[in-house]
Every structure is written in structure tokens, then in C-alpha cells.
Amino acid sequence: MLLPLSTLILLSSTAGHGLEIDGKTSLTKRMASPVQIHLTGTPGQPATLLMDVDSGPSIFRGISVPLGLTPALRVVPLGLIPGGGVLDIEVTLPNKPSLHNQKMYVIAAITDPSLPGGFELTNTVEVTLVDRNMPLAGNPLATYPSFEYVSAFNEGAQIGVAVETSEYPEIIGRTGDIYIVNAKTRAEWIANPNLVDVGGGAQTQTFSAGPITANRFLVNAGTLSGDAGAGLGVGYDIVIDLNQDGVLNGDDFIDGYSDESGLYVVHDLTLPGPYSVVETIYSGGTWLGQDTYYPSNIGSLGEVPLIVISHGNGHNYQWYDHIGEHMASYGYVVMSHTNNTGPGIFTASTTTLTNTDYFLANLATIDGGILDGHIDSSNITWLGHSRGGEGVVQAYDRVFDGLYVPTDFVIDDIKLVSSIAPTGFKPPTTADPHSVVYHVWTGQADNDVSGCASNTITWTFQIHDRAQQKRLSTSFHGVGHGDFHDGGGSSVASGPCLVGRPTTHTLMRGYFLPLVKHVIEGNIPAKDYLWRQWESFRPIGSPSNADNPCIYVDLQLRDGDEIDRFVLDDFQTNTLPTMSSSGGGVNALVSNVAEGKLRDTSGSFTHSLSDPFNGFTYATDADIGRGLVFDYNSDTTLGFELLPADQNVSRFAYFSFRAAQGTRHPLTISLLDDQIFSVTLTDTAGVSSTISIGAYGGGIEEPYQRSSCGTGIGWGAEFETIRMRLSDFQNNGSDLNLCSIEGVTFNFGPSSGTSEGRLGIDDLQFVAE
Amino acid sequence: MTTSSNSLFTLGRMLVVSLVLVGAGTAVMSWNNNEAMPEVPSSPAAFPVELISAQVFTLDQPYTHWYRAEQPQVDAGMLVVLKVDEVELLHPRQTAQPVLQIGAQTAEPLNLGHLSGYVIALLPARRLDDGVIDLDLAKTPIFYGEAALAEELDAVALQNRLQDALAQGAIIPSAKVLEEASGEALHFANDYDLRLWAADMIATWSPYEMELVETMRVPLLGQ
């Protein structure tokens with residue numbers, strides 16, 4: 001109800017009357033949500049709520065008003081202030097698509113004839129309105145938080161829906177029809193809000209108060225198609241139609257009211273894509289031999305991204321059919337070239353550069369010019385193997401430093417650099433990925449670039465840890481150096497339970513496709529494959545440890561500044577173990593704590609108390625990567641304080657960190673299993689919520705059981721990333737306030753999971769979706 | 001390409017030798033199935049490198065010799081066939097490898113050789129004013145120096161490595177060896193053609209590396 005402004009506001013100055021909405025003076029709420037108005041004022045006087053999109057101030061009848069008084073001004077009568085001087089009333093926020101992301105400034109005007117203006121104004125409350133878009137689709141979990149909201153589902157997998165009623169109390173006691181519909185963009189939803197279920201019929205459910213387990217439902221048994229052609233993921237939206245009218249309207253719930261779908265069903269990423277592939281081999285002269293793969297229908301595909309492969313020493317540029325064929329079948333052009341690795345890394349980097357230039361400069365000639373006009377040279381991926389893996393990094397560094405000036409591309413065209421078992425000859429000054437998205441593959445059975453502590457040239461992770469922004473890694477147990485190419489011959493592998501070349505290639509296809517899709521195309525479901533625990537989620541055709549007891553895959557993904565993040569502790573500054581890099585206190589009750597460079601200093605993997613970072617091969621003397629190591633054999637904790645300025649983490653989606661087991665340590669050897677522990681978030685009101693990392697499946701993997709490189713068994717420490725959705729900590733009405741988190745505590749010991757262990761930890765950060 | 005009149009004889013000799021090598025190569029084929037990466041031999045210069053053939057080459061267009069820090073331009077040198085019994089010196093690896101040197105100069109190996117024991121290599125040399133190349137094998141030992149990245153070795157380092165090699169026992173080819181090894185001079189327009197020629201030699205002396213040979217024979221774009 002809108003009333004003439006002049007009849008409602010006889011303005012006076014703002015005084016002691018107070019206004020809160022949902023107990024806050026600044027909040028973000030979905031449109032059509034109910035909110036609790038808490039207003040203090042003179043008993044018996046009428047009050048009115050005023051909302052505007054502009055905070056003013058404006059002058060109205062000679063008095064300053066903390067609103068813009070724009071045409072969008074909304075006026076809501078609240079009735080009389082009760083006798084106690086406190087008015088608590090629920091109102092429903094407006095619901096118009098045009099208000100999405102709109103900040104509303106809200107004040108109350110309370111009649112007070114004793115004042116000169118006749119009214120008194122309260123403080124301003126800022127409410128940011130957002131679409132009614134919320135996570136609904138996911139998987140049930142056996143333990144708290146009892147449900148995980150995810151983007152990607154493998155084709156054939158069950159799909160669940162859950163509502164946390166403490167977050168959405170308006171749904172309690174109501175019955176709604178749950179629809180799975182073909183994904184629509186936000187604009188398409190506005191144009192056509194009709195609901196058409198594609199999952200076998202809408203499912204009617206009644207929502208009740210209680211834990212999330214009371215409101216989680218299986219909504220599809222795995223019947224949805226994931227056939228996205230050359231894409232990755234078929235999008236679907238989930239709608240809970242609370243007024244059961246077959247239309248998205250009112251306060252219906254929806255997951256997918258945006259250009260991002262509510263969920264994606266993904267086909268088997270290890271299988272070829274829809275396009276047939278042409279392979280062509282030619283030479284531009286010495287060190288310009290090229291083997292190029294492209295989709296046969298390239299002429300109808302517009303401009304497609306380019307992937308350049310730079311082989312390793314003693315390898316051959318025609319040994320990457322498993323990558324070239326696979327990626328070209330999904331619409332990429334892949335060029336593998338002769339790589340001058342014999343002299344060293346600089347020369348390899350030169351051939352990466354000259355071949356990329358040559359390819360782009362000769363599109364009119366290669367295969368009769370069929371590629372001409374069809375290469376998106378602004379989206380280039382460099383993939384290098386061993387010496388070539390380091391070479392692609394030096395190539396990037398040379399262009400970055402202006403030491404090589406390409407003729408047909410620029411530095412920003414290189415979007416992704418991926419290294420397979422890269423060597424580490426060059427120091428950070430010449431082999432630095434800088435801010436490019438960087439990814440590394442490691443075979444833990446590699447018997448060439450082995451990772452042994454005795455030779456830093458074989459430390460595959462050092463370049464990864466130099467990457468300043470987004471960085472990822474994929475580590476396979478049982479995979480040798482030769483398994484990454486298809487040239488036949490030896491796997492160049494040492495260690496137990498060897499995986500072999502065919503399975504390695506299946507693993508590579510299933511990972512590289514989503515890696516490129518995510519980085520190059522911004523594909524949303526692809527990201528899930530890059531960090532979710534392999535034990536619980538992986539490409540359909542990729543074997544699990546249950547399928548093949550030799551298969552262990554450890555993944556790292558650290559987001560960079562491309563998305564909003566707050567680094568709680570990366571151990572790079574404030575180098576005492578008692579203070580985090582963000583300046584908060586660190587309370588380490590765990591044992592044998594050491595903060596320092598992630599560098600094995602003993603030259604072997606033999607356990608030694610004098611080498612606290614034994615097995616960590618992430619930083620050479622010239623590098624700066626640091627972390628924290630410790631051990632435990634009873635219940636204990638490691639706590640990180642958030643400074644007041646950092647305590648509002650409500651804008652983030654995940655708490656993320658990486659952890660690795662310390663190799664050959666007695667407390668690692670004693671169990672040799674995934675390490676499980678829990679994480680507690682505590683707010684300034686003392687409310688806390690705890691989730692075990694094991695709830696999501698898997699844990700921190702034990703080291704590959706390979707001998708040599710000193711005494712004992714166990715290879716290098718392998719970091720794995722754990723990402724925990726912050727809203728999960730609020731399940732079951734935990735009352736945890738994400739606007740004021742004062743501490744993150746890791747809980748170790750038998751009460752929290754594994755009874756004992758030795759761990760390294762790093763890169764604690766809060767990140768947005 | 002131009003060669004002297006005894007080229008057919010030389011090629012015929014190479015083919016005969018290659019037939020013999022098929023059997024000899026089998027003895028070292030075990031590398032292909034060996035999961036272990038052999039250690040780099042210590043004191044690599046102590047292991048003999050036998051000169052099998054040597055042909056002077058000259059080019060119209062120089063190429064970059066990437067195997068040393070100075071990256072000189074090269075338009076002459078020798079194309080040699082070497083026999084290396086200690087094949088661990090040749091085993092391809094990503095970490096540092098022994099570097100083939102001729103005196104205080106690096107050579108460019110054109111094949112791996114670890115399966116056959118034969119390495120075909122380019123020995124760069126300066127072309128003197130009188131057209132003779134500045135490389136006298138009668139005065140220069142051929143050896144594998146300590147493992148390194150060749151691209152990082154400069155003149156000073158190479159001279160030091162030569163002294164180390166001599167101390168380890170690196171030897172200079174005898175006059176008899178040189179006489180038997182010397183072949184006809186070669187002249188090409190550029191190093192691409194030189195390498196095409198060398199590809200045939202790899203096929204002859206190291207037949208396990210036909211995949212490499214075929215990649216060297218890939219036709220030029222547009223031809």
C-alpha cells in the first residue's frame with residue numbers, strides 16, 4: 001500500500017528511535033522473503049516504513065531526510081507502536097526482477113506530535129535485495145552437514161534436493177511441488193515462468209521444522225540426460241512451487257534463477273566428443289615439425305581455442321594422440337610440435353614460442369587453409385611434458401618479461417599453462433608462471449622426474465607453488481613418467497601398484513577436458529571435477545580406488561584473485577607460528593609445530609626430527625612457498641583467529657585449505673590411511689559449528705608407498721585441497737553467524753577422526769562461489 | 001646436395017654395418033622394458049666414444065647451435081657417427097644428461113642412440129678463409145662430459161670440462177681410425193637438408209629409431 005508521502009512524513013530530525021531488520025542494520029535478502037522488523041518508539045504512535053533505492057539525503061519541507069525520495073520510494077504502514085515501545089512485525093520484501101542486487105535504504109517514521117515536525121525518523125537499515133535463487137540440488141551425506149549442494153552430477157547419478165529450514169523458515173509447514181525443469185536463463189524465466197518437469201513428474205513434498213535431514217528428498221534416480229554435445233554439462237533448474245500453480249511466482253523456491261543452471265548433468269568425460277577428428281603432420285623446417293588435430297567440421301565451428309603441446313626430452317611430438325584426439329573431438333584445435341629439449345629448458349621454451357607463432361602465422365597454408373579464420377588465438381593453452389613442462393613456463397616467463405616478443409599472439413592470449421611432470425632446472429627468476437592459471441600433473445611412480453628430495457630438478461610441485469593466482473594440481477599414485485605419453489616403451493615407473501599407460505590416459509582425458517573447459521570457457525560444472533574428492537566424485541569413466549586398488553588421485557585447486565577471497569593464512573608473512581599472515585593469532589595445541597619453507601632439507605625422505613618438512617618438495621632454496629607442519633596423537637586443536645575487520649565472511653561460499661600427510665613419519669606409518677579431522681567455525685557470540693572433512697568423502701591421502709630416496713617407505717607429501725561450503729556450517733539451525741566469525745579451528749585426534757598423524761597445512765582462505 | 005664420387009661406396013658400407021647392428025642392438029633392447037631409470041655414470045669421459053664415420057659439411061645458410069650458451073651461428077662442421085658402448089650415457093632423461101663434446105665445443109646429437117649404441121651428431125666448426133673448417137679430429141678428443149644442460153655451458157665451462165675429460169682419460173682418435181672414418185664432404189643449402197640427410201644415417205645406424213627418422217622426414221609445409 002502506497003500513501004502520499006506528504007501525508008506520512010512531517011519530518012523531524014533523527015533521534016533515539018531504533019530500527020533493525022532481522023536483527024541487523026545491514027543485510028542481503030532474497031526478494032519475497034519475510035523479514036522481522038524490530039522498531040522501538042513512542043508507545044501508541046503510528047509508525048511507517050520507508051524504503052528507497054537512494055540514501056539521500058534529501059531536503060523535504062526544509063528538513064534533511066536520509067533517503068533520496070526517488071519515484072521508487074515505497075511506504076509501508078506498520079500500525080501503532082505497542083505499549084512497551086517495541087514493535088515486532090513481519091513484512092514481506094518486494095519481488096520484482098528489476099530489484100535484483102538493488103540496495104534499499106530503509107527507515108521508519110514514527111509520529112510524535114510533541115516534536116516540531118510531528119515525526120521522528122529512525123536510523124537507516126541497508127537491505128540488498130537479490131533474486132530468489134538458492135542452492136537446492138545436491139547429495140545426501142551420511143554425517144553432518146547431512147547434505148552437500150553441488151553443481152555437477154554424473155549422468156546416471158541420483159539427484160537430491162534439500163532445504164535448510166532455519167535459513168528459510170517460511171517454508172515450514174507448507175507443501176510444494178518440486179520440479180526439475182530444463183535450465184532457463186534469468187531472462188527466459190522472466191519471459192516464461194511456466195514449469196514443465198523433465199524428471200518424471202513433479203514431486204509433492206511437505207516441509208517441516210527440524211534438521212535438514214527432515215527436508216531432503218531424492219528427486220531423480222539418474223534419468224536426466226547429460227548429452228551436451230561438445231559441451232560439458234546439461235543444465236537443469238530446480239523449482240519448489242509452493243503455491244502449486246505450475247508457475248514460478250510468489251515465494252516459490254528456485255535453484256537456477258540466473259544464467260547459471262541449478263545443476264548440471266555431465267556425461268562420461270573420458271569418452272570422445274561428438275566430432276570426428278582430422279590429424280595432419282607437416283613441418284615448417286628445423287624444430288618446426290607439427291602434428292595438428294582438429295574437428296573435421298571446423299568450418300562450421302567459428303573460432304575455437306588452441307592447445308599447444310610441447311613434449312619432453314627424448315620424446316616425440318607424435319606421442320600425444322590421447323590428448324589431441326580427445327580435445328579435438330570436443331571442438332578444440334591441438335597442435336603438438338617438435339621440441340628442442342636436448343640443450344635444455346630455454347631452447348625448449350624457444351620452440352614452444354616459435355611453433356605457436358609459426359602455427360598462427362601459417363593458418364592459411366596448413367591443410368589447405370581449412371583452419372584459417374577458425375582459431376581463437378586469444379585463448380591458448382600450453383601443455384608441456386617434463387623438460388617441455390618446464391619449457392612452457394619459461395616461455396610464458398620470457399614473454400611476460402619482454403625477453404621474447406611473439407609475432408602472432410600476446411601474453412594475455414595464454415590463458416592456461418599445464419605442465420606434466422615438469423623438471424625444475426630454472427630458478428623462479430626465469431621459470432615463473434606469474435599470474436597465469438597454472439596446473440601441474442605428477443605421477444608418484446615417476447622414475448625420471450621422480451620428486452626425490454635428493455634432486456630439486458625432479459620436484460614437480462615447485463613451479464605450481466610459484467604460481468601467484470589460480471593454481472591446480474593432479475597427482476596420481478602408481479603412474480610413471482612414460483605413462484603420460486602414448487609413445488609406447490617403458491612407463492619409466494618405480495613403485496608398487498603401477499597403473500600403466502591406458503588407465504593413465506583415461507585419467508588424463510577425464511581431467512584435462514574439464515580443466516580446459518573451466519579455465520578457457522568458464523564452464524561451471526567442470527570446476528567440480530577439479531577439486532571434489534576423487535573418492536566421491538570423478539568422471540564416469542575414470543576408475544576409483546574401488547574399481548582399481550592402484551588408483552589414488554589427489555587434487556589441488558586454489559582460487560586466485562579472479563574471484564573474491566580472503567586469505568586467512570598462507571604462511572607467507574608473519575612467519576611466527578603464533579600469528580597468521582592475516583594478522584590474527586594462531587593457537588597451536590598440536591605437537592612439533594614448525595612454520596617454514598615447504599622444503600625437504602635432508603636430501604632424502606628418511607624420517608628425521610631435524611627435517612620437519614620431510615617429504616615436502618614445494619619450494620627450493622630460491623622459492624618462498626611456506627606452510628605449517630605438526631603432528632598429534634590425541635585430541636587437540638589448531639586455531640586461527642580472524643581479526644574484526646575480516647570477520648564478516650558471509651559473502652564467501654567456501655572455506656578452503658590444502659593439507660598433506662608427512663611421509664615416513666611414525667604417526668603416518670602407524671595408520672597409513674586417509675587422515676580425517678574436523679573444522680569448527682566460531683562466531684563472536686560463541687556459537688560454533690563443526691564439520692568433519694570426511695563428511696564429503698575421502699580425506700587427506702596417505703603417501704604413495706614407494707621405497708628408495710632414503711630409508712623407509714612413502715613418497716613425497718601430496719597436498720589435497722579441501723573446500724567446505726560455509727552455509728553447510730549453518731545446517732540444522734546452528735545459528736552460526738557468518739557475518740562475525742572470530743575463529744577457525746582444526747580438530748584432530750580420535751574424537752574428530754583419525755587418532756594420530758603428521759600433517760602439513762597451507763593456503764587457508766575464504767573464497768566466493 | 002653434392003657429394004664426392006665415393007658416396008655410393010660409403011652408403012653401401014653403412015647398410016652392411018646396419019644389418020650387423022640389428023643383432024647387436026637386440027642386446028641392449030632391454031632398456032625399452034626396464035622400468036628403472038639407470039643412473040648417470042660417474043666420470044663419463046672415461047668411457048670411450050669411438051668414431052665410426054666423419055664427413056665435413058658446409059651450408060649456404062647458417063643455423064643456430066643451441067647446445068652452448070653463446071648459441072653461435074654455424075655453417076660448417078662435421079656429421080659424425082659415434083659408437084658408445086656405455087649406453088647409460090645416452091639414455092634419454094629429463095634430468096641432466098652427459099653432454100657430448102668435441103674438444104671444448106659441444107656437439108648436437110641428432111638421435112638418442114641408447115638402443116643401438118650409435119649416435120649421429122653434428123660437430124660445429126668455423127669455416128676458415130680458405131674454406132677449410134677449423135676442426136681437426138686428430139687433435140681433439142670426443143667424449144661425454146659431466147651431466148648438465150648444454151645450453152648453460154659457455155666457453156669457459158667447456159674448456160674446464162675438456163680438462164676434466166682429459167684427466168678422466170678421454171682420448172683422441174687415432175690416425176688409423178680417422179683414416180677409416182673419413183667420408184666425403186657434404187654441402188647443403190641449409191640445416192634442414194643436412195638433417196634430412198642425417199635421418200638416413202640414423203635409419204642406417206640406429207634402426208630402432210625409425211619413428212624419429214620419420215618425423216625428420218616430414219615434408220615441409222606447402223611441398
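This is a predicted model: local features need pLDDT of at least 70, side-chain atom pairs count only at pLDDT 80 or more; totals for chains, interfaces and linings use all residues.

Residues are numbered from 1 along each chain as its sequence is written, chains are lettered from A and ligands numbered from 1 in the order in which they are written, and side-chain values use heavy atoms, with hydrogens and water left out.

**Stop 1: a sheet**

Helices (H or I, at least four residues) and strands (E, at least two) are DSSP runs, numbered from the N terminus, and two strands pair if DSSP finds at least two bridges between them.

Now zoom in on strand 12 (residues 137–140) and strand 15 (residues 159–162) of chain A, an antiparallel pair with two bridges.

**Stop 2: the disulfides**

How many disulfides are there over all chains? The count is two, taking a disulfide as a pair of cysteine sulfur atoms within 2.5 Å.

Pick A:C452 and A:C709 to see one of them, with sulfur atoms 2.0 Å apart. Its S-S bond shows 90° and the link is right-handed. A:C452 sits in the loop between strand 28 (437–443) and helix 6 (462–466) of chain A, and A:C709 in the loop between strand 38 (688–692) and strand 39 (720–725), so the bond ties together parts 257 residues apart in sequence. A:C452 is buried at 10% relative accessibility, and A:C709 is buried at 11%. Buried here means under 20% relative accessible area, exposed over 50%, and partly exposed in between (1.4 Å probe, protein chains only).

Next, select A:C497 and A:C550, whose sulfur atoms are 1.8 Å apart. The torsion about this S-S bond is about -85°, so the disulfide is left-handed. A:C497 is partly exposed at 35%, whereas A:C550 is buried at 12%. Counting bonded cysteines along chain A, the pattern is 1-4, 2-3.

**Stop 3: a covered helix**

Jump to helix 3 (residues 321–329) of chain A, where seven of the nine residues are buried. Among them are A:H322, A:I323 and A:M327. Show what is in contact (heavy atoms within 4.5 Å) and the cover includes strand 22 (277–283), strand 26 (375–385) and helix 7 of chain A. After the helix comes A:G331, with a positive phi near 100°.

**Stop 4: chain B against chain A**

Finish by colouring the contact: 30 residues from chain B and 44 residues from chain A take part. The two chains bury about 2900 Å² between them, 54% of it on carbon and sulfur atoms. Buried area is the accessible area (1.4 Å probe) that two parts lose on being put together, summed over both.

Which residue of chain A forms a salt bridge with B:E152? Select A:K426: the closest N and O atoms are 2.9 Å apart. The count between the chains is two salt bridges, each a side-chain nitrogen of Lys or Arg within 4 Å of a carboxyl oxygen of Asp or Glu.
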